[in-house]
Amino acid sequence: MFPVIPNPTTDKVAAKFTDKDLLRRSASTIQAPAQRQPEVAKLIDVSKCIGCKACQVACLEWNDLREDVGVNTGVYDNPHDLTANSWTLMRFTEWENPQTGNLEWLIRKDGCMHCEDPGCLKACPSPGAIVQYTNGIVDFVKDNCIGCGYCVKGCPFNIPRISKADNKAYKCTLCSDRVAVGQGPACQKACPTQAIVFGTKDEMTKWADKRIADLKSRGFDKAGLYNPPGVSGTHVMYVLHHADKPSLYAGLPDNPRISPIVEMWKGMSKYAGMAIVGLSAVAGVVHYLFAGPNRVSAEDEENAEKLAGGKS
Amino acid sequence: MSEADHGARVRVRRYSGTARLNHWVVAITFVGLMLSGMALFHPSFFGLTALFGGGQMTRWLHPWMGVVLSVAFLGLFLRFFWQNLPEGTDFVWLARIRHVLSGKEEYLPEVGKYNAGQKFVFWSQFVLISVMLVTGIGLWDQGLAWVAQTFGFVPTMDQRRWAALLHGSAAILAVTIWIIHVYAAIWVRGTMSAMISGMVTGGWGWRHHRKWLRKEVGNRG
């Protein structure tokens, strides 16, 4: 069993990280502090998940959110997708393992992966609407969000959702408010089987190694850690029994990375665009300096008069 | 009367009141779209959102201005479509672009209502605005909801990413064409009055659009 994070003191605790600990800030150039906070991570052990949805409840509860009453379409997923209020969602997959002939019930807790290289932050046009703390947490700052939905296009995991109520983007905060005072995320706290554990990224990687060794000893020889290098690793990681095929788990991307279209949109097209517009403005000024105004001469007016004859 | 008039006594009507109104609706929404679009295009222009009442308001207003512009531009398109069809002399005009730029119009063929440059502005803006309309709806939650309801079409995430890239790229080109359009109106003196009072002097017509002037004079009978 992973050592349980003790209950918090009721005394006032100073926040462990603040706005001074920003690694990245959307649409802004910032100087990151020289010293990084220890990187944190949430480890989701899919093999231990029983699909109870306590994490979903805890998330709604802690963040004071309500989900609309939905409709049952014959699947366990409830709600059917992430929403502006449901920042985490159990996704259920029934898979027949061709090697063993067993029906496997793969349950993955979906939500923000807190990428080390966050696509949402790269896409965001509003200064400070998305921030990344030096401990790795990627957070949306509601006051600065303009609701454009660019983060949705930037995300390789299809996580952010725009609220119909206030037109702002929402997603899992990794309970940055709880982590700031030394607590684990609400979902981790509520998990009855320790399928969700929380700590520093190093601790989580080591714990995952133990779990993977255990799974391998039980015949899951492809068990492994999901910490995709395409986004420079994530601060939410999975232990998967079939780590060779992440997409089995309700379409978890096999090789996530920021889409090259987004890279082009947020990179080259900006510089090329500003250069083209700037050059055309300069060309206008230069042309005017050399050619001068194109004026109608008195002769032109006389010719027009002759042409018009007495008809004007 | 402006200094360019040289006491012109012949005046020719170039644009009706409704054509001018239509043009200025397009012009005002274009500038509004350009400024709000720049704010979302690059962080260094984000301060422009203050003109529209903040970031949220800018994000809300931009697509609606786009809808107004699209409808108004369609008006201009239908109004001026026939006069902007390419003709043989356009290629001669383009081949002699050197003389155009140095203002030596005596070396150019006689031009009808629009020269090849104006036609280029007309058609390129038509294409670019069409691209921005389609991709703009793809970036607009309310627009996409309408598309899903009306046509049952929901774009994939990659299609939305393409929409973002194409929308910005088309906007760059449209702004470049707009700079050419505005510059030409400033450079060629006596042009502005065509879109303000609707009238140009006979000399302006003789110099820049002689074929058009001949036709107008002919029509007066």
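Which residues have the most contacts inside the largest nonpolar core? In this predicted model, local features need pLDDT of at least 70 and side-chain atom pairs count only at pLDDT 80 or more, whereas totals for chains, interfaces and linings use all residues. Residues are numbered from 1 along each chain as its sequence is written, and chains are lettered from A and ligands numbered from 1 in the order in which they are written.

The largest nonpolar core comprises 99 residues, and those with the most contacts inside it are A:Leu43, A:Val46, A:Cys124, A:Ile130, A:Cys151 and A:Met237. A nonpolar core is here a set of buried Ala, Val, Leu, Ile, Met, Phe, Trp, Tyr and Cys residues joined through C-beta atoms within 7 Å. A residue is buried if 20 or more other C-beta atoms lie within 10 Å of its own, exposed if 12 or fewer, and partly exposed in between, with C-beta atoms placed from the backbone. Helix H7 of chain B (residues 157-187) contributes the largest share of this core, nine residues. Helices (H or I, at least four residues) and strands (E, at least two) are DSSP runs, numbered from the N terminus. Another core, of 14 residues, lies apart from the largest one and includes A:Val296, B:Val12, B:Trp204 and B:Leu213.

In chain A, four strands form an open sheet of mixed pairing in the order S9-S2-S11-S10. Strands S9 (196-200) and S10 stand at the edges, each with a single partner strand, so one side of each is left without a neighbour in the sheet. Two strands pair if DSSP finds at least two bridges between them. S2(A) and S9(A) are antiparallel over five bridges, with A:Val40 partnered by A:Thr200. Strand S2(A) (residues 40-45) runs parallel to S11(A), to which four bridges join it; here A:Asp45 has A:Val239 as its bridge partner. On S11(A), A:Val239 also stands opposite A:Leu225, and three bridges link S10(A) (residues 224-226) to S11(A) in the antiparallel sense.

Strand S11(A) (residues 236-240) is mostly covered, five of its five residues being buried. A:Val236, A:Tyr238 and A:Leu240 point one way from this strand, while A:Met237 and A:Val239 point the other way. In a regular strand the side chains alternate between the two faces of the sheet.

Chain B places 47 residues in contact with 44 residues of chain A, two residues being in contact if their C-beta atoms, placed from the backbone, lie within 7 Å. Helix H7(B) gives the most to the side of chain B that touches chain A, with 16 residues. That side divides into 22 nonpolar, 15 polar and 10 charged residues; Ala, Val, Leu, Ile, Met, Phe, Trp, Tyr, Cys and Pro count as nonpolar, Asp, Glu, Lys and Arg as charged, and the others, Gly among them, as polar.

The axes of H8(A) (residues 268-291) and H7(B) come within 10 Å and cross at roughly 5 degrees. Axes are lines fitted to C-alpha atoms, for helices over the stretch in contact, and angles run from 0 to 180 degrees between N-to-C directions. The crossing angle therefore makes H8(A) roughly parallel to H7(B), given that angles under 35 degrees count as roughly parallel, over 145 as roughly antiparallel, 65 to 115 as roughly perpendicular and the rest as oblique. Among the contributors are A:Gly273 and A:Ile276 of H8(A) and B:Gly168 and B:Ile172 of H7(B). By class, this helix contact has 11 nonpolar, seven polar and no charged residues.
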